[in-house]
Amino acid sequence: MSALATLRFVPLSEGLIDEILVIENATHSAPWSRRSFQNELEHKYGVFLVALVEGKVIGYGGTWVLVDEAHVTNVVVSPDFRGQGIGRKLMNEMLVKAREKGAVCATLELRKSNEVALKLYESMGFVQATVRKAYYPDNQEDALVMMLDDLIGWTP
Ligand SMILES: CC(C)(COP(=O)(O)OP(=O)(O)OC[C@H]1O[C@@H](n2cnc3c(N)ncnc32)[C@H](O)[C@@H]1OP(=O)(O)O)[C@@H](O)C(=O)NCCC(=O)NCCS
């Protein structure tokens with residue numbers, strides 16, 4: 001049986017945060033802190049999922065459901081596991097859960113240079129809504145703001 005056959009998605013829990021931080025620190029130039037992940041545990045309107053393979057953290061992602069809008073706050077797949085469909089499955093799970101919590105649309109932002117994420121989001125039905133100039137403080141990169149208008153009619 002391939003390791004990927006053991007893929008499952010679980011809600012964030014305190015005991016998973018150490019493993020998440022290793023991936024987070026290796027991924028983002030401005031990584032979330034331990035406190036940021038702990039805040040997700042208590043977030044009343046949050047959906048935060050962790051992808052496990054053979055019981056080990058290989059990805060994670062979250063949304064905040066703000067009134068009727070799911071805002072994607074973070075999505076990461078560990079480098080060794082990228083390009084195998086896990087990011088797409090994770091996003092699908094997150095949006096389905098956000099819809100169950102009342103979201104009717106979804107938004108996110110990403111760095112303009114992040115072509116892989118852009119392709120993923122476009123293929124899911126997100127379209128560019130606007131550009132936020134020099135949004136990222138570490139390198140003044142622009143953010144693309146994307147929107148999925150009809151989460152009710154959307155199928156994963
Ligand atoms: C973005 C990310 C979550 C995608 O996860 P992933 O598991 O590699 O993605 P998947 O294998 O599910 O691929 C989904 C789609 O992304 C695109 N994609 C994936 N790898 C790609 C590559 N190397 N080049 C171009 N497009 C790619 C494709 O559209 C792909 O769909 P397809 O396989 O049907 O063609 C992952 O690359 C990642 O963690 N990146 C670093 C963190 C990050 O940038 N997060 C997003 C911040 S907004």
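The ligand takes up the space of the largest pocket. Here a pocket is an open set of points on a 1 Å grid over the protein atoms alone, with protein on both sides within 12 Å along at least five of seven lines, and a molecule sits in one if more than half of its atoms lie within 2 Å of its grid points. Keep in mind that this is a predicted model: local features need pLDDT of at least 70, side-chain atom pairs count only at pLDDT 80 or more, and totals for chains, interfaces and linings use all residues. Residues are numbered from 1 along each chain as its sequence is written, and side-chain values use heavy atoms, with hydrogens and water left out.

**Around the ligand**

- There are 19 residues around the ligand, and Val77, Gly85, Gly87, Arg88 and Asn114 come nearest (a residue counts if one of its heavy atoms lies within 4 Å).
- A polar backbone atom of Gly85 is 2.7 Å from a ligand oxygen.
- For Gln84, a backbone N or O atom lies 3.1 Å from an oxygen of the ligand, while Arg82 puts a polar side-chain atom 3.3 Å from a ligand oxygen.
- On its own the ligand has 930 Å² of accessible area, and the protein covers 69% of that (Shrake-Rupley method, 1.4 Å probe).

**Aromatic rings**

- The count of aromatic pairs comes to 7 (Phe, Tyr and six-membered Trp rings with centres within 6.5 Å; planes under 30 degrees apart are stacked, over 60 edge-to-face, the rest tilted).
- Trp32 and Phe37 make a tilted pair, because their ring centres are 5.1 Å apart and their planes sit at 50°.
- Tyr135 and Tyr136 pair edge-to-face, at 5.1 Å centre to centre and 90° between planes.

- Phe37 is buried, at 0% relative accessibility (buried is under 20%, exposed over 50%, partly exposed in between; 1.4 Å probe, protein chains only).
- Tyr136 is buried at 13%, whereas Tyr135 is partly exposed at 35%.

Definitions and conventions:
A polar contact is a pair of N or O atoms within 3.5 Å; within protein, one must be able to donate a hydrogen and the other to accept it, and residues adjacent in sequence count only if both atoms are side-chain atoms. On a 1 Å grid over the protein atoms alone, a cavity is a set of points where a 1.4 Å probe fits but cannot get out, and a pocket is an open set with protein on both sides within 12 Å along at least five of seven lines; lining residues have an atom within 4 Å of a point.
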